[in-house]
Amino acid sequence: MALKITDECINCSVCEPECPNEAIYMGEEIYEIDPAKCTECVGHYDEPQCVLVCPVDCVPKDPAHEESQEELFAKFERLTKKG
């Protein structure tokens, strides 16, 4: 399942550089996550890095983009052109 950033985001910018897939970007008002690029850091780290660094805990799973661990890993492979 991809992650999303909620409107509790304070635009502190700590999450954007932590994303290994460059899925986080500045939206119109707050940072946003591109679900086509978000793998929850599967293939890179054991835990989503944006969740670890977020000081306000505003990065939950996005129920609109449910994916299994296998699907997330397949997306990681496509994004990194491995496999």
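The request and its reply follow. Which residues form a nonpolar patch on the surface, and how much accessible area do they have together?

Reply: This is a predicted model, in which local features need pLDDT of at least 70 and side-chain atom pairs count only at pLDDT 80 or more, while totals for chains, interfaces and linings use all residues. Residues are numbered from 1 along each chain as its sequence is written, and side-chain values use heavy atoms, leaving out hydrogens and water.

The nonpolar surface patch consists of Val14, Leu52 and Val53, which together have about 210 Å² of accessible area (Shrake-Rupley method, 1.4 Å probe, with only the protein chains shown counting as cover for residues). Patch members have over 30% relative accessible area and no salt bridge; nonpolar side chains (Val, Leu, Ile, Met, Phe, Trp, Tyr) are joined within 5 Å, and like charges within 9 Å. A salt bridge here is a side-chain nitrogen of Lys or Arg within 4 Å of a carboxyl oxygen of Asp or Glu.

Valine 53 belongs to helix H1, residues 49-53. Because its relative accessibility is 31%, valine 53 counts as partly exposed (buried is under 20%, exposed over 50%, partly exposed in between; 1.4 Å probe, protein chains only).

As for the setting, the protein has two helices and two strands, in the order β-β-α-α along the sequence; these are DSSP runs numbered from the N terminus, helices being H or I of at least four residues and strands E of at least two. Of the 83 residues, 36% count as buried. The accessible surface of the whole protein is about 5,200 Å², with 48% belonging to carbon and sulfur atoms.
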